[in-house]
Amino acid sequence: MSLIRHRHPRFAELRDEFRDHPEWFTPWSGLLFRFQTVAYPQAKDILSGRGASGRGGRWNPPGYATVYGSTTDTTALEECKVNDR
């Protein structure tokens, strides 16, 4: 069963852009900021991706464990505030 129900009209354009830039897909090293909700308060849950897996998220459909983070603490905090409202 495919999780893709319909493709975005510009899917091919995005796919081609990714193919043209393999350097975008290299290992990253750095600091990652993440604010955790009280729904998953234990340390083992912080990087599990279970919340996004159960409900889906901005960039993932339900069923895919995904961890969202930011390279700045300010952005991570603002994202947390938006999701809390």
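Modeller: A polar contact is a pair of N or O atoms within 3.5 Å. The model discussed here is predicted.

Colleague: Which side chain makes a polar contact with the side chain of aspartate 45?

Modeller: Start with the place of aspartate 45: the loop between helix H1 (11-20) and H2. Its side chain has a polar contact at 2.4 Å. The partner is the side chain of arginine 50.

Colleague: Is aspartate 45 buried or exposed?

Modeller: The relative accessible area of aspartate 45 is 7%. Buried means under 20%. Therefore aspartate 45 counts as buried.

Colleague: And glycine 54, buried or exposed?

Modeller: Glycine 54 lies in helix H2, residues 50-55. Its relative accessible area is 58%. The cut-off for exposed is over 50%, so glycine 54 is exposed.

Colleague: How many Å apart in space are glycine 54 and tyrosine 64, C-alpha to C-alpha?

Modeller: In sequence, the two are 10 residues apart. In space, the C-alpha to C-alpha distance is 8.0 Å.

Colleague: Which residues form a nonpolar patch on the surface with leucine 14?

Modeller: Leucine 14 sits in helix H1. It is partly exposed, at 45% relative accessibility. The patch has about 440 Å² of accessible area together.

Colleague: What pattern does the protein chain follow along the sequence?

Modeller: The protein chain has 3 helices and 0 strands. Read along the sequence, the pattern is α-α-α.

Colleague: What percentage of the protein chain's residues count as buried?

Modeller: The protein chain exposes about 7500 Å², with 58% supplied by carbon and sulfur atoms. Of its 85 residues, the buried share is 9%.

Definitions and conventions: Residues numbered from 1 in each chain as written. Predicted model: local features only at pLDDT ≥ 70, side-chain atom pairs only at ≥ 80, totals over all residues. Heavy atoms only, no water. Helix = DSSP H or I, 4+ residues; strand = E, 2+ residues; numbered from the N terminus. Buried < 20%, exposed > 50% of the residue type's maximum accessible area, 1.4 Å probe, protein only. Polar contact = N/O pair within 3.5 Å; in protein donor to acceptor, adjacent residues only side chain to side chain. Patch = residues over 30% accessible without salt bridge, like charges linked within 9 Å, V, L, I, M, F, W, Y side chains within 5 Å. Areas by Shrake-Rupley, 256 points an atom, 1.4 Å probe, with all protein chains shown as cover. Salt bridge = Lys/Arg side-chain N within 4 Å of Asp/Glu carboxyl O.
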